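Work through the exercises below with the model open. Each task is followed by its solution.

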Protein chains: 2
Amino acid sequence: MAEPLFRRLALLGIGLIGSSVARIARERGDLAGEVVANARTPATLKRVAELGIADRIEADPAQAVQGADCVMLCAPVGAFAGLAEAIAPHLAPGAILTDVGSTKQSVIRDVGPLVPAGVHFVPAHPLAGTEYSGPDAGFTTLFDGRWCLLTPPPGTDAASVEKIAELWRRCGAMVQTMEPAHHDRVLAIVSHLPHLLAFTICGTADDLEGESRQEVLQFAATGFRDFTRIAASDPVMWRDVFLNNREALLEMLARFTEDAQAMARAVRWGDGAYIEDKILRGRHIRRSLIELKQA
Amino acid sequence: MAEPLFRRLALLGIGLIGSSVARIARERGDLAGEVVANARTPATLKRVAELGIADRIEADPAQAVQGADCVMLCAPVGAFAGLAEAIAPHLAPGAILTDVGSTKQSVIRDVGPLVPAGVHFVPAHPLAGTEYSGPDAGFTTLFDGRWCLLTPPPGTDAASVEKIAELWRRCGAMVQTMEPAHHDRVLAIVSHLPHLLAFTICGTADDLEGESRQEVLQFAATGFRDFTRIAASDPVMWRDVFLNNREALLEMLARFTEDAQAMARAVRWGDGAYIEDKILRGRHIRRSLIELKQA
């Protein structure tokens with residue numbers, strides 16, 4: 001077995017992503033010599049202890065990061081500023097601070113200024129998830145064949161970036177570096193907007209008058225059913241994603257709304273050729289995804 | 001084995017739904033003594049012959065319905081008026097004319113007036129489908145545990161309605177009768193609008209500038225990937241659905257757009273409580289679906 005990448009890995013937040021990393025560390029043995037888990041609620045900490053997926057649990061984030069050579073923020077991105085403030089004075093010299101947040105400009109804005117000299121900050125985002133959350137939801141193959149995007153600010157220590165890249169490769173992911181603003185824009189369309197649409201259509205259906213509302217549930221055909229799967233995702237995590245990728249998300253929603261209105265106009269005026277062309281483009285994109293093995 | 005429900009079943013159109021019915025008829029033996037398949041294109045007819053899923057293929061719909069005691073329209077709903085016109089003079093006295101179209105008011109509008117006296121018209125809609133189409137796409141378990149909605153106009157012969165109900169039960173479906181306008185409204189939200197949104201977001205992504213467009217494909221996270229699956233559906237079938245459920249679809253899209261704009265406003269002004277509440281409602285609907293075993 002290879003030497004562990006880190007002596008001590010502190011996971012601040014241990015939901016779907018954090019608990020998957022913990023499970024992989026346990027299974028492989030070459031991620032970290034010791035895994036320390038911190039969570040906001042006593043209930044989560046208790047559950048992590050029961051699951052036995054961390055070497056140590058620690059209720060205080062400042063305590064959790066003591067002596068850790070890698071600290072990974074795995075909480076909802078809205079909690080990062082508070083966490084960074086709490087741990088900054090306690091980070092070990094030379095430690096790497098990283099995260100798994102779905103928005104990267106906000107993380108650099110919130111966490112970057114609080115990182116002490118001598119600590120290396122390597123923002124990261126594994127593109128993996130399910131609609132389940134919490135420490136029970138994680139599993140060791142979550143990242144297999146998925147991308148992990150690193151968005152290190154200019155001047156970040158190259159050796160630290162490489163160590164985080166290696167951590168994610170050992171988790172099964174493919175790693176690529178990306179500019180933070182570009183990351184936020186791409187994620188807005190491939191992930192954040194689809195979630196916003198899914199949450200919204202569930203609300204629209206839930207607002208229907210009595211009988212129809214019941215029948216939406218009874219007759220949920222393919223289509224709505226798939227949307228509800230996405231819409232079952234963690235509310236706090238997604239609230240924070242939306243609020244922390246505001247500009248890119250609103251821009252993509254504006255473009256989408258223009259396109260939906262153009263489709264509505266084609267439906268109203270019976271422009272079958274327009275509708276068919278749009279559907280064909282969807283099919284074409286699906287085929288491209290299948291060729292790229294992303295579907 | 002039970003007596004076949006029909007002596008001769010004519011399927012006009014033999015894509016995903018029609019070819020699944022044909023396969024079930026072949027497997028069970030108690031749907032029809034003979035299955036006659038008609039399709040618009042010679043290529044489809046040839047493929048049906050190769051697959052061996054019909055007893056007879058017939059290029060002319062008027063020929064296909066000769067002597068059939070059940071005729072099922074399985075083409076895209078936009079083709080129904082033309083088909084009905086072609087077959088009306090050739091329908092056998094006492095025959096049942098039914099369909100599988102996703103819109104029911106339009107079918108009653110287009111086909112109803114052309115049904116000869118002595119022929120029983122029982123509109124139906126099995127709520128089942130995949131993103132695949134054509135005679136190769138069908139399979140015998142497609143309707144297992146799914147709903148089939150019947151929307152017979154007032155005064156329809158009760159025995160004929162019951163025979164079509166029994167046909168769908170033998171196909172594995174659960175059957176319920178519904179008022180046509182109500183059907184179209186429920187389907188607009190559970191199926192037609194989700195498809196419209198999925199087609200639209202694929203187009204929005206496809207319109208992105210060069211580099212981002214490529215990365216949409218490369219990094220299609222959960223969310224976009226699920227939408228593209230829906231968006232891979234048959235273009236002509238869905239074009240016809242949109243054009244033939246215009247009013248209900250535009251109404252549901254208008255409601256959805258209002259809700260999406262309210263969500264956009266909450267994102268812009270940082271109203272986290274509003275966003276979280278909407279996401280929680282999505283989760284609640286998902287749980288209800290799981291309890292109803294529709295997900």
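**Exercise 1.** Classify how helix 7 of chain A and helix 8 of chain B are oriented to each other.

Solution. Step 1: take the axes of helix 7 (residues 180–206) of chain A and helix 8 (residues 210–218) of chain B, which come within 10 Å and cross at roughly 50 degrees. Axes are lines fitted to C-alpha atoms, for helices over the stretch in contact, and angles run from 0 to 180 degrees between N-to-C directions. Step 2: apply the classes: under 35 degrees is roughly parallel, over 145 roughly antiparallel, 65 to 115 roughly perpendicular, and the rest oblique. Helix 7 of chain A and helix 8 of chain B are therefore oblique. Step 3: assign the hand, which for this crossing is right-handed. (A crossing is left-handed if the near helix is turned anticlockwise from the far one by less than a right angle, and right-handed if clockwise.) Step 4: list the contact residues. Helix 7 of chain A supplies A:Arg185, A:Val186, A:Ile189 and A:Val190, and helix 8 of chain B supplies B:Ser212, B:Glu215 and B:Val216. Contact requires C-beta atoms, placed from the backbone, within 7 Å.

Two notes on the model. It is predicted: local features need pLDDT of at least 70, side-chain atom pairs count only at pLDDT 80 or more, and totals for chains, interfaces and linings use all residues. Residues are numbered from 1 along each chain as its sequence is written, while chains are lettered from A and ligands numbered from 1 in the order in which they are written. Helices (H or I, at least four residues) and strands (E, at least two) are DSSP runs, numbered from the N terminus.

**Exercise 2.** Describe how helix 7 of chain A packs on helix 7 of chain B.

Solution. Step 1: the angle is about 160 degrees, and the axes lie 11 Å apart. Step 2: helix 7 of chain A is therefore roughly antiparallel to helix 7 of chain B. Step 3: the crossing is right-handed. Step 4: the contact on the chain A side includes A:Ile189, A:Leu193 and A:Pro194, and on the chain B side B:Ile189, B:Leu193 and B:Pro194.

**Exercise 3.** In what order do the six strands of the open sheet in chain A lie?

Solution. Step 1: the order is 3-2-1-4-5-6, with parallel pairing. (Strands pair if DSSP finds at least two bridges between them.) Step 2: strand 3 (56–57) and strand 6 (120–122) of chain A are at the edges with a single partner strand each, so one side of each has no neighbour in the sheet. Step 3: strand 1 of chain A pairs with strand 2 (residues 32–38) of chain A over six bridges. A:Phe6 stands opposite A:Ala32. Step 4: strand 1 of chain A also runs parallel to strand 4 (residues 70–73) of chain A, joined by four bridges. There A:Leu11 has A:Met72 as its bridge partner.

**Exercise 4.** Is strand 1 of chain A enclosed or open?

Solution. Step 1: count burial: 20 or more other C-beta atoms within 10 Å of a residue's own make it buried, 12 or fewer exposed, and in between partly exposed, with C-beta atoms placed from the backbone. Step 2: six of the seven residues of strand 1 (residues 6–12) of chain A are buried, so the strand is largely enclosed by the rest of the structure.

Definitions and conventions: Contact = placed C-beta atoms within 7 Å.
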